[in-house]
Amino acid sequence: MNGLAVADWLTLGAYLIGVTFLGIWASRQVKSMSDFVMPRKFGKLMMLMHGFGTSTHSDQAVSVASKCYTSGLSGIWYQWMWLFATPFFWLIAPMMRRFRALTTADVFAARYSQSVAILFCVFGLAKFVVTIGNMLKGSGEVIEASTGALISSEASIIVITILFVVYGLAGGLRAAIITDFIQGILTLLFSFLLLPIVLHAVGGIAGMKASFAELTPGKDMMSLVTPGEIGVFYISMIALNSLLSVTVQPHNMGTCGAGRTEIDGAVGFMGGTFLKRICTVAWCLTGLAAYVYYKGNIENPDHVYGTMAAEFLPTLLPGLLGLFLAGLLATVMGSCDSFMISASGLVSENFYRPVFPDQSERHYLWVARLSGLLVVLVAIAYAYWLSDVIAGLEILWKLNAVMAPAFWLGVFWRGATTAGAWTATFLTAFTWWITGLSSTAIAIAQIPVVESLGIVVEKNSELMITIPWQMLAYLTAGFAGGILVSLFTRKNDPEQLERFYELMRTPVQENEEIETPCRLPSGVTPAPRHVFFPETSLELPIPTWRAISGFLVGWFLVFAIIGSVWWIVS
């Protein structure tokens, strides 16, 4: 059956039935909205696998393999864009946990106003639609390629959606974290199952390098940097954009905050993401090997990963292709369920509850489930509309950053106002839109210095502003506009501000019971202010030794991973 044997179907069926049953079983302990959206009951190992499962999905494997197939080793930066941001996750996770929030919108409401929280909900829901749509599109492409079109991309999207919706809507984030433990193990298998086989087929790294010398003369496919395409400036801007935007990705409130303690969240967020960085190496090398093996003749780069699976796995062991597909489904289901639950929390907690207060917890649970289902349905429509996975990924990079200036201004500066937050968000979004127009690129191209700086390139027969320059433009506009407007608009209530910064500086107590989002529990004494510039309105906290040591370990891992890849390919 086009590569799918009986053993493959049995392996795949066992996984699907097992993970769905496990998720539904977890739903028995969901009694309230906090159980559904933010249980705060998990330890380091579960949070590690949750951080890994939520951040890792098959569209990323597709995009990295696809980009490495077309651009060479430097295509790894399509996911390694987060690499230089990852050590900061050790510092970000405790901060997110200390907010004591159910959703990230709660943070914007506590710092600014309910209007800014609703603004965040709008962009947050758009982010989930694009993210889930990207993942479904990527998974569909791999399944179609690996089954020889026996299972179409369109049919795959529907089946995957039904499965993660069933257990996700029943068990909420609790079910997502429990199933992520199993799915994380399968994701590791999915990432590394193909690599040793395809490397052997092309003569290892040495064989690949020799073949590239013949197939792509004049182009170094084994370079981590491609001048003129994925260079140092490109990598730097994508890394900065990723660091600033990570806190305003709504699902990361759960990734950081569902642990029992601050350290549980930090280990899960940074450690789980580093596991993904390692998997990225496997996806990249698989894409490079595919170029050599097929001599660049695969017409659709999005099919590289699935085509390689269909080529090699059935010849090794019956059921191996089914295990590969189970791992692929684990990558998308392990993320989509978390995103859907975060989306449902935004709608029920930040749209619905303020308008219809004093309803029962059961009532809000059903609102959350129905709203999550609606978001997924819109995401399916987006997946069918999306032309290719790379295009969807580039849209997501920019969408993620729209509310980043408003968030960071509010965290580090007491002077940031509600009007400033609205302005920062509007200018970031507007600058993204205007710099994405071909007419803007044509106008800028008339400036003499533009050509030498590589600001404008030709893409699909049109002049376009390059991604890193576009990012620099909208981030600069957002921060500058937010600061300028905040200086001349009405300041936020000092008592409200003090409550917000008390949250950030007060460690989470053992077995702490949170009564109201973004409020210190009764009986908890706020920690004293301990910042670098105490006589100013800046809130730049002095880090603890635990924060510094974890941060340094993170940077050691960054350079160890980069050094390992350099050593492997050279």
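Helices here are DSSP runs of H or I with at least four residues, numbered from the N terminus. The model is predicted. The protein has 25 helices and two strands.

**Overall build**
- The protein has 570 residues, and 60% of them are buried.
- Take the contacts between residues at least 6 apart in sequence: 83% of these join residues at least 24 apart.
- The accessible surface is about 22,200 Å². Carbon and sulfur atoms account for 68% of that surface.

- E539 sits in a loop. That loop runs between α24 (494–505) and α25 (545–569).
- Is E539 buried or exposed? Its relative accessible area is 6%. Buried means under 20%, so E539 counts as buried.
- The side chain of E539 makes a polar contact with the side chain of R414, at 2.6 Å.
- R414 is also among the residues that E539 touches, once those up to four places away in sequence are left out.

**Cysteines and disulfides**
- A disulfide is a covalent bond between the sulfur atoms of two cysteines.
- How many disulfides does the structure hold? The count is zero.
- C121 has a relative accessibility of 0%, so C121 is buried.
- C279 is buried too, with a relative accessible area of 0%.

Conventions:
Residues numbered from 1 in each chain as written. Predicted model: local features only at pLDDT ≥ 70, side-chain atom pairs only at ≥ 80, totals over all residues. Heavy atoms only, no water. Buried < 20%, exposed > 50% of the residue type's maximum accessible area, 1.4 Å probe, protein only. Contact = heavy atoms within 4.5 Å. Areas by Shrake-Rupley, 256 points an atom, 1.4 Å probe, with all protein chains shown as cover. Polar contact = N/O pair within 3.5 Å; in protein donor to acceptor, adjacent residues only side chain to side chain. Disulfide = S-S within 2.5 Å.
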